[in-house]
Amino acid sequence: MVTIINKRMIILIAYPQEKIGELKSLFTNEEGSIKRKLENPPLNAGKIRYMGWDLETLDQGKILEGQFVRVQNGNRKTIDLYKNGTLFFSGLADKDFLAHASDDGLRINSIALIELVYNFMSFYQEVINDLTIKPSTILVGFSFLNMHLNSEKSYLVEGWSNDFPSLIKHEASLNDYSLEKPIDFKVADFKAEKIGEIAYKVVENIYLWFGVPLDSGNIPYIKIENSVKSIDIEKIKNI
């Protein structure tokens, strides 16, 4: 299980609905193994640009309990990958990570949140490819912890973070929260051209939890093609 500390935190989880396969290369250091990819996420599979909000930790994976591999970057982020294909991410939701560049340490940075979710979902495509038996459905969830720490509430703003302070604040309604019903995705949709759509659906649910209306422009870094919304990674790369 991911490391839980007494700080503001975000947790992301993805796992197969059907527990029918195991990762083939989780416990090997061979080139191209999923363990090596966890240690050094490939471009566009856990990382889309240099020094972004991604899954890179600069850590060597540790095999724990014969069940999972963990990589960490101090307290900023911890990633656990289990042999049944479950991927956990926990990261700080304060100024040291998800609320980077926030004057008060409470404003969730929209680019940080959206880029992180995209990278998490794109890496999960690599996880699926390493399973011995492919499931039909992947479940994705998220949690926030200690969002009212010291009686101060974390919040999101509508639109682009750099428009602050003109935009409306939407405070976390609960101190701790876990998505009650995971979002389900078809395994067949986990391909490069669809990851942006998958990531958008997760981001949309996070924005809704913060109480942000889904009006045009309220969720930045997206594109719409044939009435389908997705994360626009080119906008992120060009920041």
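**Exercise 1.** Does Y124 count as buried or exposed, and at what relative accessibility?

*Solution.* Start with the source. This is a predicted model, in which local features need pLDDT of at least 70, side-chain atom pairs count only at pLDDT 80 or more, and totals for chains, interfaces and linings use all residues. Residues are numbered from 1 along each chain as its sequence is written, and side-chain values use heavy atoms, with hydrogens and water left out.

Next, the cut-offs. Buried means under 20% relative accessible area, exposed means over 50%, and partly exposed lies in between (1.4 Å probe, protein chains only). Y124 has 0% relative accessibility, so Y124 counts as buried.

**Exercise 2.** Describe the ring pair of Y124 and F190.

*Solution.* Take the rule for rings. Rings of Phe, Tyr and Trp (its six-membered ring) pair if their centres lie within 6.5 Å; planes under 30 degrees apart are stacked, over 60 edge-to-face, the rest tilted. The whole structure holds 11 aromatic pairs. In one of them, Y124 and F190 sit 6.0 Å centre to centre, with 65° between the planes, which is edge-to-face.

Now place the partners. Helices (H or I, at least four residues) and strands (E, at least two) are DSSP runs, numbered from the N terminus. Y124 belongs to helix α2 and F190 to the loop between β10 (183-186) and α3 (195-209), so the pair ties together parts 66 residues apart in sequence. F190 has 6% relative accessibility, so F190 counts as buried too.

**Exercise 3.** Classify the pair of F144 and F210, and find its cluster.

*Solution.* The ring centres are 5.4 Å apart and the planes stand at 80°, so this pair is edge-to-face. F144 lies in strand β6 (residues 137-145), and F210 in the loop between α3 and β11 (222-225); the pair therefore ties together parts 66 residues apart in sequence. Both F144 and F210 are buried. Ring pairs link F142, F144, Y177, W209 and F210 into a cluster.

**Exercise 4.** Which residues have the most contacts inside the largest nonpolar core?

*Solution.* A nonpolar core is a set of buried Ala, Val, Leu, Ile, Met, Phe, Trp, Tyr and Cys residues joined through side-chain atoms within 4.5 Å. The largest has 65 residues, and L98, M121, F210 and I231 have the most contacts inside it. Helix α2 (residues 110-130) gives the largest share, 13 residues.

Look at L98. Contact means heavy atoms within 4.5 Å. Beyond four places in sequence, L98 touches residues including I10, L92, L116 and F144. A second, separate core of 6 residues includes I13, F68, Y82 and L139.
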